[in-house]
Amino acid sequence: MENCLFCKIASGIIPSNKVYENEYVLAFHDIAPQAPVHILVIPKVHLDSMNDVNSETSVYAVKCLEAIAEIAKMQNLENGYRVINNCGEDGGQTVKHLHFHILGGKKLSEQMV
């Protein structure tokens with residue numbers, strides 16, 4: 001998508017602090033971290049949200065989840081971490097591109113969602 005922030009990051013138009021990349025997925029540090037480790041994981045194709053995941057596009061969601069497990073190991077999050085996906089305006093989604101937040105590096109509050 002032409003005006004999508006995350007599409008511009010995935011294509012390299014906007015630089016990011018990359019943590020992980022393969023043919024399906026890009027992961028980079030969040031610019032406003034909410035935990036010592038705060039990484040965003042995005043598919044390299046544009047999907048607005050989880051609502052766009054279907055039998056034809058589910059491979060991109062699966063590849064994101066597989067990457068999350070690898071990234072957690074790379075970031076030494078063996079004591080645990082949180083994965084968050086915000087879907088739609090009421091769900092708190094501010095960038096209309098499917099993405100997952102990995103939060104960790106400290107004991108997270110049980111109240112934090």
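Colleague: What covers the buried residues of α2?

Modeller: The cover over the buried residues of α2 includes β1 (18–21), β2 (25–29), β3, β4 (81–84) and β5 (100–104). Helices (H or I, at least four residues) and strands (E, at least two) are DSSP runs, numbered from the N terminus. Buried means under 20% relative accessible area, exposed over 50%, and partly exposed in between, with a 1.4 Å probe and protein chains only. Contact means heavy atoms within 4.5 Å. This is a predicted model, in which local features need pLDDT of at least 70 and side-chain atom pairs count only at pLDDT 80 or more, while totals for chains, interfaces and linings use all residues. Residues are numbered from 1 along each chain as its sequence is written, and side-chain values use heavy atoms, leaving out hydrogens and water.

Colleague: Which residues of α2 are buried?

Modeller: They are A61, C64, A67, I68, I71 and A72. Viewed down the axis of α2, these buried residues fall within an arc of 135° (taken from the directions from the helix axis to the C-beta atoms), so they line one face of the helix.

Colleague: Why might residues three or four places apart point the same way?

Modeller: An α-helix has 3.6 residues a turn, so residues at that spacing point the same way.

Colleague: And what follows α2?

Modeller: N76 follows α2, and its phi is positive, near 60°.

Colleague: Turning to H38, where is it found, and is it buried or exposed?

Modeller: H38 is found in strand β3 (residues 37–43). H38 is buried, at a relative accessible area of 5%.

Colleague: What does its side chain join?

Modeller: A polar contact of 2.8 Å links the side chains of H38 and H101. Such a contact is a pair of N or O atoms within 3.5 Å; within protein, one must be able to donate a hydrogen and the other to accept it, and residues adjacent in sequence count only if both atoms are side-chain atoms.

Colleague: How many disulfides are there?

Modeller: A search of the whole structure finds 0 disulfides (pairs of cysteine sulfur atoms within 2.5 Å). The closest cysteine sulfur to that of C4 belongs to C7, at 3.7 Å, too far for a bond.

Colleague: What about C87?

Modeller: C87 is in no disulfide, and the nearest cysteine sulfur, that of C64, is 14 Å away. C87 is partly exposed, with a relative accessible area of 27%.
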